[in-house]
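Trainee: I have a model open and would like to go through it with you. Can we take it piece by piece?

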Amino acid sequence: MSEAVAAEIQTTHIIDLARTGHRLDGRGIDEWRPVTVEPGFVKSADGSAMVHIGDTAVLCGVKLEIGKPFPDTPNAGVLTTNAELIALSSPTFEPGPPQPEAIELSRVVDRSIRAAETIDLTKLCVSPSEKCWTCYVDIHCLDHSGNLIDAAQLAALGALTHSTVPAKRFEVGEHDYPLEVSHFPIECTFVRLGDKIVADPTFEEETAGQGRLTVATDETGHLVAMQKGKVGAFSPDEIIETVERAFRHGDRLRNIVRGA
Amino acid sequence: MGNVGAKEIPRLLTAEGRRIDGRRLDELRPISMKVGPLTRADGSAFVEWGDNKVMAAVYGPREVHPRHLMQTQKAIIQCRYNMAAFSVDERKRPGQDRRSQEISKVITEAFESVVFTEEFPKTSIDIYIEVLQANAGTRCAGLVAASLALADAGIPMADLVASVAVGKVGGRIALDLKKEEDNFGEADMPLALVPQSGRLVLTQMEGHMTRDELREALDLGTKGCREIYERMRQALRDKYDVTSAAPLQEAAA
């Protein structure tokens, strides 16, 4: 209850602050919280990464298994992204089947990875129509302090970048080998607070937000995915300007993932 | 477990009584505990124990969901033990399987024995245990993490619950089995102890043991729990000791 009342007072305050170019945690409008990427966090996975954006914590684990190609893509492996908004990570999440928020998160992350052709799926084919690698990207949110999308996407990319194909374990090769990552898409999320559009929103800012925009860019200078979420609207000019900001932040975050 | 291809049964015990990882029979795996790593939860703890990594969070006392579970005389405890898909060798399908549900139930009951639930009628104390990396003994690691998280959340309890598994490997009773010992050993018995009363609030057992071996295992297990208990108390002191110079955190909500 107290949280709901506080949220209402806070919302007004957050929007008033934004008008003057300030934020509750002292950041600038375009400033991110500290970002860390810790690859290899989970030994039981074929690749993993723990990502912190400020207090937000997301763990992603990649598992590769031998499966069968889909009939319509006989020469390609399979990539599956799944995000769990487990009840451990926020007082507002409940146990049970995935809610729309978790499904949107999975799909938005998946879209950036897929559209950027992060993994060349034809290289995951072992024998056409019969055998291929199925790559499971499982995202586990541990602490929801805002901007889960970007944390989840960074964790997914970080885990894929540091994955090993377990060829020996599945008896389809002599040696395990690193999973080849062809592209490095980065997702950046912004929310509208009054007339300002702030980067890397906290949980409180997301709650106060009047529209959310997620923009994924790759290292070749292409825009690869977008998602507008929550109630609110953006003008075409605002979208163009936000995409420019996403390119700038994308380059910086890409270096963090690739250097991890 | 679940690996492709047949695996040879490893030799679990050397002639000198050393185990597969060089431990003595009564030796715990390395363990580290961190209290309060999560910001959103009311209480939390992260436990790394051997190759297990387990996070626990506590929310509450808070409103009961679903409402019909509400009890007018006391709080209810709802514990959910869950394994991440990538926590085991062969990917586990997300969601609660029968094993997870059973473990959740016995852990809930273990905590109901120590938490002063009558102080918070009509509420729920929710405990979430997430196994991020598994290597035998995850329910014990989960219990330890959840105990610390309950303390971190300020939930009044008669005592912390300490937990460890004992088992039988290579014909001998051994403390704190790791995966190979669990898979190829002769018995496994997870225990949870309330150290101040000396009573067990969780006891499960699977395998073959004689009466004498059971006696030895209970003795070794309770000793192990007491060792874990000291580590738990230290972990709480590390966060809450006011005599240390550590500055107070979380002033702003």
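Predicted model: local features only at pLDDT ≥ 70, side-chain atom pairs only at ≥ 80, totals over all residues.

Trainee: Helices first. How do α2 and α3 of chain A cross?

Mentor: Helix α2 of chain A spans residues 100-115 and helix α3 spans residues 148-161; their axes come within 10 Å and cross at roughly 45°. Angles from 65 to 115 degrees would count as roughly perpendicular and those under 35 as roughly parallel, so α2(A) and α3(A) are oblique to each other.

Trainee: Is that crossing left-handed or right-handed?

Mentor: The crossing of α2(A) and α3(A) is right-handed.

Trainee: Which residues meet there?

Mentor: From α2(A), the residues are A:Leu105, A:Val108, A:Val109, A:Ser112 and A:Ile113. On the α3(A) side they meet A:Leu148, A:Ile149, A:Ala152, A:Gln153, A:Ala156, A:Leu157 and A:Leu160. That contact of α2(A) with α3(A) has 10 nonpolar residues, two polar and no charged.

Trainee: And chain B, what do α1 and α2 do there?

Mentor: In chain B, helix α1 (residues 98-112) and helix α2 (residues 138-152) have axes that come within 11 Å and cross at roughly 45°. The pair α1(B) and α2(B) is therefore oblique, and the crossing is right-handed.

Trainee: Who touches whom in that one?

Mentor: B:Arg99, B:Ile103, B:Ile107, B:Ala110 and B:Phe111 of α1(B) are in contact with residues of α2(B), namely B:Thr138, B:Arg139, B:Leu143, B:Ala146, B:Ser147 and B:Leu150. The contact of α1(B) with α2(B) divides into seven nonpolar residues, two polar and two charged.

Trainee: Switching to rings. Which ring does A:Arg258 lie over?

Mentor: A:Arg258 lies over the face of A:Phe184, 3.9 Å from the ring centre. Another case involves both chains: the charged end of B:Arg91 sits over the ring of A:Tyr136, 3.9 Å from its centre.

Trainee: How many aromatic pairs are there over all chains?

Mentor: The count comes to three aromatic pairs over all chains, where ring centres have to lie within 6.5 Å to pair.

Trainee: Now the backbone. Where are the cis peptide bonds you flagged in chain B?

Mentor: One runs from B:Gly60 to B:Pro61, with omega near 0°, and B:Pro61 is in strand β3 (residues 52-62) of chain B. Another runs from B:His65 to B:Pro66, with omega near -10°. B:Pro66 is in the loop between β3 and β4 (76-83) of chain B.

Trainee: Last one: which strand holds B:Asp188, and what is it in contact with?

Mentor: B:Asp188 is in strand β8 (residues 187-194) of chain B. Leaving aside neighbours within four places in sequence, B:Asp188 is in contact with B:Ala165, B:Val166, B:Gly167, B:Leu177, B:Asp182, B:Gln204, B:Met205 and B:Glu206.

Trainee: How far is the C-alpha of B:Asp188 from that of B:Ile173?

Mentor: The C-alpha atoms of B:Asp188 and B:Ile173 are separated by 9.6 Å, and the two residues are 15 residues apart along the chain.

Key:
Residues numbered from 1 in each chain as written. Chains lettered and ligands numbered in written order. Heavy atoms only, no water. Axes fitted to C-alpha atoms, helices over the stretch in contact; angles between N-to-C directions. Helix = DSSP H or I, 4+ residues; strand = E, 2+ residues; numbered from the N terminus. Parallel < 35°, antiparallel > 145°, perpendicular 65-115°, else oblique. Left-handed = near helix turned anticlockwise from the far one by under 90°. Contact = heavy atoms within 4.5 Å. Nonpolar A, V, L, I, M, F, W, Y, C, P; charged D, E, K, R; others polar. Phe/Tyr/Trp six-rings, centres within 6.5 Å; stacked < 30°, edge-to-face > 60°. Lys NZ or Arg CZ within 6 Å of the ring centre and 35° of its normal.
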